[in-house]
Amino acid sequence: MMASGKKAAKKTAMDGQIKKLAKQAMAARGRAYCPYSSHPVGVAIVSQSGKVYAGANVEIAHYKGVCAEASAISAMITAGERHIRAVVVAGPSMEYLCTPCGDCRQRLREFCAPDVRIYSLWKDGNLGAVHTMADLLPLSFGPENLQEVGALPKTQPKAGAAATGGKQKKERVKNTPEKQNKKNKKDVSPGSLRRRNTRPS
Ligand SMILES: [Zn+2]
């Protein structure tokens, strides 16, 4: 659930590490290139090794810009890392909390386990809300969906693999009315793949 209003900020306290990340995210926000939207965003992600990768949004005259989350992820991948441990997003507003956009939720999910926390900050750096990856992108599609059908080798990183946790899988089993329908055998749409994904992780 997206928190709104300043009340949420008072409810949540930041520990030392997150405060440091908040500073880095805000510094990145200060370097954002967003002449078209005037909506600067900075992100700091902590990788599995403990290193921090920051990113800012970068807008282009053809309007195909890159979000701050995507910038930070690119920096992490370029450095050779594949797993995210925490994410801090510093938005520019005191009214509308800047949680990751839909596109970025999918990008983050590629490299986040479902319990990875995403901290969303107000403009002044105060914490607005904390969500898990699974909160932000429930019933998600990820690398393991492709692994199951052999499109990816089993050795591929499964950073977000458990994002479709056991509970969801059970639901899927329940909701498989076409189970016996042979006509669906060749249906390889993502929805179909999810329905059939009944194996425990
Ligand atoms: Zn985004």
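This is a predicted model: local features need pLDDT of at least 70, side-chain atom pairs count only at pLDDT 80 or more; totals for chains, interfaces and linings use all residues.
Two strands are said to pair if DSSP finds at least two bridges between them. Helices (H or I, at least four residues) and strands (E, at least two) are themselves DSSP runs, numbered from the N terminus.

Residues are numbered from 1 along each chain as its sequence is written.

Let me begin with the sheet. It is an open sheet of 5 strands in the order E2-E1-E3-E4-E5, and its pairing is mixed. At the edges are E2 and strand E5 (127-132), each of which pairs on one side only. Direction ignored, neighbouring strands are turned by 15° against each other on average; axes here are lines fitted to C-alpha atoms, for helices over the stretch in contact, and angles run from 0 to 180 degrees between N-to-C directions.

E1 and E2 are antiparallel, with 5 bridges, and they form a hairpin with 4 residues between them. In that turn, Gly50 has a positive phi of about 95°. Tyr119 stands opposite Val130 in E5, and Ile118 stands opposite His131 in E5. This hairpin has 5 residues between its strands, and Gly125 in the turn has a positive phi of about 95°.

Which strands pair in the parallel sense over 6 bridges? They are E3 and E4, and Val89 stands opposite Ser120 in E4. Together with helix H4, these two strands make a right-handed β-α-β unit. Right-handed means that, with the strands pointing away from the viewer, the path from the first strand over the helix to the second runs clockwise.

Next, burial. A residue is buried if 20 or more other C-beta atoms lie within 10 Å of its own, exposed if 12 or fewer, and partly exposed in between, with C-beta atoms placed from the backbone. By that rule E4 is mostly covered, with 7 of its 10 residues buried. E2 is mostly covered as well, with 4 of its 5 residues buried.

I turn to the helices. Helix H2 (residues 16-30) has 15 residues and reaches 21 Å from its first C-alpha to its last, close to the 21 Å expected at 1.5 Å a residue; the expected span is 1.5 Å times one less than the number of residues. Its buried residues are Ile18, Leu21, Ala22, Gln24, Ala25, Ala28 and Arg29. They cover an arc of only 170° around the axis, which puts them on the same side of H2. The arc is that of the directions from the helix axis to the C-beta atoms. The face turned away from the buried side carries the exposed residues Gly16 and Gly30.

What covers the buried residues of H2? The elements include strand E1 (42-47), strand E2 (52-56), helix H3 (68-78), strand E3 (84-90) and strand E4 (112-121). Contact here means that the C-beta atoms of two residues, placed from the backbone, lie within 7 Å. H3 itself lies across E1, E2 and E3, running at about 140° to E2.

In helix H4 (residues 102-111), Cys104, Leu108, Arg109 and Phe111 are buried. Seen down the axis of H4, these residues fall within an arc of 160°, so they line one face of the helix. Their cover includes H3, E3, E4 and helix H5 (133-136). Gly102 and Asp103 are exposed on the face of H4 turned away from its buried side.

Finally, two loop residues. In general, most residues other than glycine have a negative phi. Ser38, in the loop between H2 and E1, has a positive phi of about 55° although it is not a glycine. Ser38 is exposed, with 9 other C-beta atoms within 10 Å. Tyr63, in the loop between E2 and H3, has a positive phi near 70°. Tyr63 also counts as exposed, with 8 C-beta neighbours inside 10 Å.
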